[in-house]
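Subject: Structure handover

Hello,

Here is the structure I promised to pass on. My notes follow below it.

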Amino acid sequence: MAAMRLPPEENDPIQASRAAPAAASDDERSVAADSWSVKSDYGSSALDDDQRQADADVAASFPATASDYSSDRDDSDGNEVEASMLGFQTYWDSSYAEDLTNFHHHGHAGEVWFGEDVMDTVATWTKDLCLKTETGDISKDLSSWSVLDLGTGNGLLLQALAKQGFTDLTGTDYSEGAIELAKKLAIRDGFTNINFLVDDVLETKLDKRFKLVMDKGTLDAIGLHPDGPVKRMMYWDSVVNLVAPGGILVITSCNNTRDELVREVEKFNQKLLGIKCPDQEAGNETNNKEKLAFRYLDHVRTYPTFRFGGVEGSRVCTVAFSLL
């Protein structure tokens, strides 16, 4: 599972406010339903037609216009992104069925979500973050870092991490088509050491904790479901049990800013521990940090930024948290 495709550059570069949901017409419902009809001589997407239509009806009731604006602005609670078809598993099953067909016919790897530049930045920045020990010394050994990529999709982020020196790599996705594609690409590209599993992060069957957990767009997609706020809480309830104590969680998002993600983590910490945590700005220490489940570590500062309407922002953010 991955995040939404970013809109073309010629569109408005910033959506300063998120549009209110609008009623969908019958034509819009028909288009939404048709988007699940991916078939090929590789095989159908194996989706239940009734479920496909039901998901389309629900998704068509919400505009798929989630903001691509990511900045350090200080607005309300964030996460107020309208639902879209990208919040449903049926969308991803169909998408990866099509990608598998293209792979078999043309050898295409499929979409690189957020673009190759972002993926490479995430991989190199994460490597540098992991190499820094608590004392600030530099360690050159990444073999001890067990890595989990949530919603791995075609698995290309794990390949990028393997090129950086990580060796203990696992990717999970709730779409069987995604995992099949990831396995085929890994074999083709010579990364046979990467382990891929079908697993839903919201109902994970994994019983292992990982020193590094990556999320490039999965939380975004979860938030695009009509029950996004509830499912996002389920996400945090699950992820806190997947990161090893002292481990790192790295989230890349195009629907939330750094500050919004930090505030969401703080709210989860309050829920988890049943305490009121003091407000903290991203990057600032708090007197009660030992009581927090997750602590802000760092964020990528090298993404291109632009200014629109007096506000500076970027199209994507990457934020790291450690589990205490």
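In which helix is Gln270 found? Gln270 is in helix H9, residues 258–273. Helices (H or I, at least four residues) and strands (E, at least two) are DSSP runs, numbered from the N terminus.

Before the rest, some ground rules. This is a predicted model, so local features need pLDDT of at least 70 and side-chain atom pairs count only at pLDDT 80 or more, while totals for chains, interfaces and linings use all residues. Residues are numbered from 1 along each chain as its sequence is written, and side-chain values use heavy atoms, with hydrogens and water left out.

The overall picture

The chain has 9 helices and 10 strands. Of its 324 residues, 52% count as buried. Buried means under 20% relative accessible area, exposed means over 50%, and partly exposed is in between (1.4 Å probe, protein chains only). The chain exposes about 15,000 Å², and carbon and sulfur atoms supply 49% of that. Accessible areas come from the Shrake-Rupley method with a 1.4 Å probe; for residues, only the protein chains shown count as cover. Contact means heavy atoms within 4.5 Å. Among contacts between residues at least 6 apart in sequence, 75% join residues at least 24 apart.

Back to Gln270

Gln270 counts as partly exposed because its relative accessible area is 28%. Gln270 and Ala293 are 23 residues apart in sequence. In space they are 8.9 Å apart, C-alpha to C-alpha.

The cores

A nonpolar core is a set of buried Ala, Val, Leu, Ile, Met, Phe, Trp, Tyr and Cys residues joined through side-chain atoms within 4.5 Å. The largest one has 42 residues. Val147, Leu161, Phe166, Leu169, Leu212, Met214 and Ile248 touch the most other members. Elements giving two or more residues to this core include helix H3 (89–106), helix H4 (116–131) and strand E5 (210–216). H4 gives the largest share, 8 residues. Leu169 touches, among others, Val147, Leu158 and Leu161, leaving aside residues up to four places away in sequence. There is also a second, separate core of 27 residues. Val201, Leu242, Ile251 and Ala293 are among its members.

Thr252 is in strand E6, residues 243–253. Thr252 is buried because its relative accessible area is 2%. Ser253 counts as buried because its relative accessibility is 1%.

What does the side chain of Thr252 make a polar contact with? The partner is the side chain of Thr318, at 2.9 Å. A polar contact is a pair of N or O atoms within 3.5 Å; within protein, one must be able to donate a hydrogen and the other to accept it, and residues adjacent in sequence count only if both atoms are side-chain atoms. The side chain of Ser253 reaches the backbone nitrogen of Asn256 at 3.0 Å.

Not counting residues up to four places away in sequence, Ser253 touches Phe114, Asp220, Leu261, Val316 and Cys317. Ser253 and Leu219 are 34 residues apart in sequence and 7.5 Å apart in space, C-alpha to C-alpha.

The rings

Rings of Phe, Tyr and Trp (its six-membered ring) pair if their centres lie within 6.5 Å; planes under 30 degrees apart count as stacked, over 60 as edge-to-face and the rest as tilted. That rule gives 4 aromatic pairs. One of them is Tyr235 with Trp236, edge-to-face, 5.3 Å centre to centre and 90 degrees between the planes. Both residues are buried. Tyr235, Trp236, Phe268 and Phe294 form one aromatic cluster.

Best wishes
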